[in-house]
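Me: Can you walk me through this model? I'd like the ground rules, then the details.

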Amino acid sequence: MTELLGLALLGAWVTLDGVTVGQFMVSRPLVASGLAGLWLGDPATGFLVGAVLELFLLVAVPSGAGRFPEPGPAAVVGAAGAVWAAGPAGLALGVAAALLLGYAGALSQAAQRHLNVRWVPDPAVQPVTEAAIVRGHWSSLGVDAIRGFVLTALGLVAVLVAAPWASGAWLSL
């Protein structure tokens, strides 16, 4: 349980790092997967998953209105799936889960941005105060952290359930 909570909190942190706070590049797959692998006691597998995911994201340039996979939480889940299933099955499960979760993250990020617009004070309706701006900012930060936590937690539960199956299915091939 401590593993899941720690990884979900890591997912929240890398979600915030991706766009909302800092952008210290902790949300890059190589770093996020490496940290998840380190948390699980297998940093080499974490870095391996992160390296593969980095190759997928080389073509994603976050410019204009383009939508691209959200790498941070996906990388955390991918590393966990790879460690829990182990071996070639783990790498396959981890990368597949990360790619799917990355696109789910992009969709949830777009939905959150539509929600953020509602928190922006409208000067046509009421005077814009410093308190209203601060409240909108903190609301957006909180929702983004919760979104990352929930997204990561759901992905972790999915790979935790799929890991024994993936290992068994891989061995039967």
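Me: What are the ground rules?
Reply: The model is predicted: local features need pLDDT of at least 70, side-chain atom pairs count only at pLDDT 80 or more, and totals for chains, interfaces and linings use all residues. Residues are numbered from 1 along each chain as its sequence is written, and side-chain values use heavy atoms, with hydrogens and water left out.

Me: How many salt bridges are there?
Reply: The count is three, where a salt bridge is a side-chain nitrogen of Lys or Arg within 4 Å of a carboxyl oxygen of Asp or Glu.

Me: Which residues are linked in a network of them?
Reply: Glu70, Asp144 and Arg147. The side chains of Arg147 and Glu70 meet at 2.9 Å, N to O. That pair links distant parts of the chain, with Arg147 in helix α6 and Glu70 in the loop between α3 and α4, 77 residues apart. Helices here are DSSP runs (H or I, at least four residues; strands are E, at least two), numbered from the N terminus. Asp144 and Arg147 form a salt bridge at 2.8 Å, N to O, and both lie in α6, three residues apart, about one turn of the helix.

Me: Is Glu70 buried or exposed?
Reply: Glu70 counts as buried because its relative accessibility is 6%. Buried means under 20% relative accessible area, exposed over 50%, and partly exposed in between (1.4 Å probe, protein chains only). Arg147 is buried at 11%, and Asp144 is buried at 3%.

Me: Switching to the core. Which residues have the most contacts inside the largest one?
Reply: Leu7, Val76 and Leu93, in a nonpolar core of 29 residues. The elements giving two or more residues to this core are α1, α2, α3, α4, α5 and α6. Helix α4 supplies the largest share, nine residues. Such a core is a set of buried Ala, Val, Leu, Ile, Met, Phe, Trp, Tyr and Cys residues joined through side-chain atoms within 4.5 Å.

Me: Where does α2 pack?
Reply: The buried residues of α2 pack against α1, α3 and α4. Among them are Pro29, Ala32 and Ser33.

Me: Which non-glycine has a positive phi?
Reply: Ala86, with a phi of about 65°. Most residues other than glycine have a negative phi. Ala86 lies in the loop between α4 and α5 and is partly exposed, at 44%.

Me: Last one: what forms the nonpolar surface patch?
Reply: Leu30, Val31 and Phe47, with about 230 Å² of accessible area together. Patch residues have over 30% relative accessible area and no salt bridge; like charges are joined within 9 Å, and nonpolar side chains (Val, Leu, Ile, Met, Phe, Trp, Tyr) within 5 Å. Accessible areas come from the Shrake-Rupley method with a 1.4 Å probe, and for residues only the protein chains shown count as cover.

Key:
Contact means heavy atoms within 4.5 Å.
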